Each structure stands twice: as C-alpha cells, then as structure tokens.
Amino acid sequence: GINAEYGEPEMGDRPVYSCRCHVFRIDATTKKTWIPAAEGPVQVSFFFDPSKRAYRVVSIDNGKPIINSTIVAGMTFSRTAQKFGQWSDQRANTVYGVGFSNEDELTKFADQFEEAKSCVARDTLSPVGSPPPIENHDTEPRRAMSPGLPPEPARSINSFDMELPIKLRSSVTTDGESSDHSRTSAQENGVDNMMENLRLENDRLKTSLGQSQSNLKKWEVELHTLRTNNSRLQGALHENSRNVEEWKTQLLQYREENSKLRTRNEELEIEIENLNRSGTHSPKLNKKMGKSSLKSEEVERVKQILEKVTAELVEVKEENMRLKGQLRNQDDRNGQTKQAYENSMVCQLQADMEIRLRDLVDMNRKLLTYCRKT
C-alpha cells in the first residue's frame, strides 16, 4: 500500500520500472475531458508486492499520490495517440492518462503494463522474496517534454459507464500561477482552431481531388483524340509516299518518250539538211521526190503523234493541277510535316513538264516547216 503520511510506497514494494511523464485523470463530472493531475511531468513507477503478488502503478506529486492503480488481469492499456495512452481503474473509479515526450517512451510504458497484466493473469509470478519477473528497463527517472494536448479518452473493457468524449479541454501547463479556468479556455480555443484548420484542409483536399478527377477525364479524351489524329496523319503520309512513287514512275516514262521524240526529230533535221544541200536536180532529190508520198504519210503520222502527245500533256497538266490541289489540302491536314518535300516534287514536275512542252512545241514547229518545204 501507500504510506499516507509520507506519500511513499510501503517497504515491501519493490520498484521494477520508472519513467517521467505527464499524468491526467478523467473529469469525474463530465466524463469527457482530461484534467492534469500535476503541473508538469512527474515520476511514474511500477511496483511489485511479493506478499500480495500484485503489481501497482504509483505516482506521487508534492507528497500527494496522484496515481495508485493496482493492475488486474482485465485491465487494458490503450494507445490513443502517438505519445498518449490511458487505462481504466474500476477500483479507483477513474481513468488515468499518461503523455510522453516521444513514442518510444510510450511503447516502453505500454510493454511494462502488458507484462505485468500477463503475469497477474497467468498467476506465474516469482515466489515470495524473489525479484519480480518484469525487467527494469530504466531505473533512472526520465524527464519528458510537454506532450501537448492529450487525446479524447477512449472506452475500455473494464471502464465504468461514461459517455464518449466530445472535446479536448485539458493540456499540460508549466505555469503554476495560471488558473484551471484559463488553462481550460486556452485549450478549448486551441483545439477549436486545430479542428477548424483540419476541416478547411479536408475541404481543400476534396476540391483538389474532384478537380484532379475532372482533369483526368479531360486528358483521357484529349489523348484519344491525339491518337486518332496521329493514325490519320500516318495513313495520309503513307498515301502521299505511294503517290510520290507513282509520280516518279510517270516522270521516268515521260522522259524516255521525250528522248525518243528528240532522237526522231534530230534524224528528220539531218534528212532535211541533206535535202537542202543536194539541190532540186540532185539524183538523191529525185529519188526522194519519188518517195514524197511516203514522207507525207510519215509526216502525217508524226503529226498524229504530236497531237497525241499534246493531248497527253494537257491531261498531265490537269492531273498536275489536281495533284497540287490535293497536296494543298493534304498540307492543311498534316500541317508543315511534308510541305517542303512535296513542294520540291511539284516544282520538279512542273519544270519537267515545261521543258517537255517546249521541246514538243519546237518539234511541232520544225515539222510544220518541214512539211511546208516538202
């Protein structure tokens, strides 16, 4: 037991663990708020009574016991915050709360509590006079910084019937001159501000989440649109590549045909020059005149060829204009991707067609001159 006169444990109790922390007790009237049991951190110790084979948690402040709790098998130590824990004592008809400066101190205290409760439950304590089974982790008192506001008291299996706490009103203060009323008011204001900030932060996070989901849907639609446009552009690019290859093939054919016409024109020019050089009484001329009908037929055939080529040139020019229109439309769809290359090909085709047209016009003029002479 506790020596009431001196506020100390009896001689039979053996200390097995000791620490320093802030001590709280539940408000017996409201059963909803914590009341500091001391002005600052105090020493809290676990004692083992060999004669009664019992463990007790004891804390004394200024000669007055503020914790005197015998641990029984049904007790539960609850960690209700990172640095705060509590347990219910039906014998004392109260709930004790302890606050530490860090989480490790709270863990050690909780481990000691559970070990003591387990020993009591199993009834496997050491024989009378032997050391208690709980290891003394820290025989020196440990001083703690202020743990801040204690959390709301939670229900325990063995706790007496009380309502769930609604507000946190008590905190630790080191100012001995402050009254309980001022401490409680300051604590209420601090908790209200903290809860208001949490509500605002929660609303902000909800708004951000909604905006993120909306933006995600919008980005998915844009991504699908970009993929569709990309597929269309790739198809148009492949089609343009095939058209360019066809144009190259046609250009080679036109060049070969143009080369053949030039060769034939040169042969005719040589023949005309030879006729002019020989004179009207030349035997060769007479021989040629005998074959004038054949030459006339050949000239007619050449004229037909020229007309055919001219018609083909007109068709080629029309096709060229149509292709240019298609290229302009394709440039509008594809942007500037193939503009330089296609423009160069069109210019090259135009230049080749103009050269071919000039050659055919010259050939036509020479053939007409030849026909007039013959």
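This is a predicted model: local features need pLDDT of at least 70, side-chain atom pairs count only at pLDDT 80 or more; totals for chains, interfaces and linings use all residues.
Local features require pLDDT of at least 70, side-chain atom pairs count only at pLDDT 80 or more, and totals for chains, interfaces and linings use all residues. Residues are numbered from 1 along each chain as its sequence is written, and side-chain values use heavy atoms, with hydrogens and water left out.

The protein chain has five helices and ten strands. These elements are DSSP runs numbered from the N terminus (helices: H or I, at least four residues; strands: E, at least two). Of the 374 residues in the chain, 34% are buried. Buried means under 20% relative accessible area, exposed means over 50%, and partly exposed lies in between (1.4 Å probe, protein chains only). The accessible surface of the chain is about 23200 Å². Carbon and sulfur atoms contribute 51% of that surface. Areas were computed by the Shrake-Rupley method with a 1.4 Å probe, and for residues only the protein chains shown count as cover. Contact is defined as heavy atoms within 4.5 Å. Among contacts with a separation of 6 or more, 63% join residues 24 or more positions apart.

The largest nonpolar core holds 27 residues. Such a core is a set of buried Ala, Val, Leu, Ile, Met, Phe, Trp, Tyr and Cys residues joined through side-chain atoms within 4.5 Å. Val44, Val57, Trp87, Phe109 and Phe113 touch the most other members. Two or more residues each come from β3 (14-26), β5 (42-49), β6 (54-61), β7 (64-70), β10 (94-99) and α1 (103-122). The largest share, six residues, belongs to α1. Beyond four places in sequence, Val44 touches Tyr17, Ser18, Cys19, Cys21, Val23, Val57, Val58, Ser59, Ile67 and Phe109. A second, separate core has eleven residues, including Tyr254, Val316, Leu323 and Leu327.

Glutamine 112 lies in helix α1. This glutamine 112 counts as buried because its relative accessibility is 0%. Its C-alpha is 8.1 Å from that of phenylalanine 46, although 66 residues separate glutamine 112 and phenylalanine 46 in sequence.

Zero disulfides were found in a search of the whole structure. The criterion was a pair of cysteine sulfur atoms within 2.5 Å. Cysteine 119 has a relative accessibility of 7% and therefore counts as buried. Cysteine 347, at 47%, counts as partly exposed.

Helix α2 (residues 180-278) contains arginine 262. Arginine 262 is partly exposed, with a relative accessible area of 38%. Arginine 262 and leucine 360 are 98 residues apart in sequence, yet their C-alpha atoms are 8.8 Å apart. Asparagine 240 also belongs to helix α2. Asparagine 240 is buried, at 10% relative accessible area. Not counting residues up to four places away, asparagine 240 touches Gln330, Asn334 and Glu342.

A pocket is an open set of points on a 1 Å grid over the protein atoms alone, where a 1.4 Å probe fits, with protein on both sides within 12 Å along at least five of seven lines; lining residues have an atom within 4 Å of a point. The lining consists of Leu313, Lys317, Asn320, Met321, Lys324, Gln350, Met353, Glu354 and Leu357. Helices α4 (292-334) and α5 (339-373) each supply two or more of these residues. The most come from α4, with five.
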